[in-house]
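Open the model in your viewer and keep the selection tool ready. Each stop below says what to select and what is there.

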Amino acid sequence: MTRTPKVGLDALLTPEESVLVLIDHQPFQVANLHSHEPTMIINNTVGLAKFAKCSTCRRS
């Protein structure tokens, strides 16, 4: 079976072909990460989770 490469808008991911995986953010992992502020990591993670939940609800 020969697959032709997708180009243009067809090459973009769609919600049906995508998965969002969030790791279990433990306090010691956040505390030992010195490249980002802990508050920023938490806020970004919470925002991403809320966005994913909201996006899932709209598609149903």
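**Stop 1: Phe-51**

Select Phe-51: this residue is exposed, with a relative accessible area of 52%. Exposed means over 50%, buried under 20%, and partly exposed in between (1.4 Å probe, protein chains only). This is a predicted model, where local features need pLDDT of at least 70, side-chain atom pairs count only at pLDDT 80 or more, and totals for chains, interfaces and linings use all residues. Residues are numbered from 1 along each chain as its sequence is written, and side-chain values use heavy atoms, without hydrogens and water.

Phe-51 sits in helix H2, residues 38–59. Helices are DSSP runs (H or I, at least four residues), and strands are E runs of at least two, numbered from the N terminus.

With Phe-51 they make a nonpolar surface patch of about 360 Å². Patch members have over 30% relative accessible area and no salt bridge; nonpolar side chains (Val, Leu, Ile, Met, Phe, Trp, Tyr) are joined within 5 Å, like charges within 9 Å.

**Stop 2: Lys-6 and Glu-17**

Select both side chains. They meet in a salt bridge at 3.7 Å, N to O. The cut-off is a Lys or Arg side-chain nitrogen within 4 Å of an Asp or Glu carboxyl oxygen. Both residues lie in the segment before helix H1 (27–31), so the pair ties together parts that are eleven residues apart in sequence. Lys-6 is exposed at 52% relative accessible area; Glu-17 is partly exposed at 48%.

**Stop 3: the whole chain**

Select everything. The chain has two helices and zero strands. Of its 60 residues, 7% are buried.

Notes. Accessible areas come from the Shrake-Rupley method with a 1.4 Å probe; for residues, only the protein chains shown count as cover.
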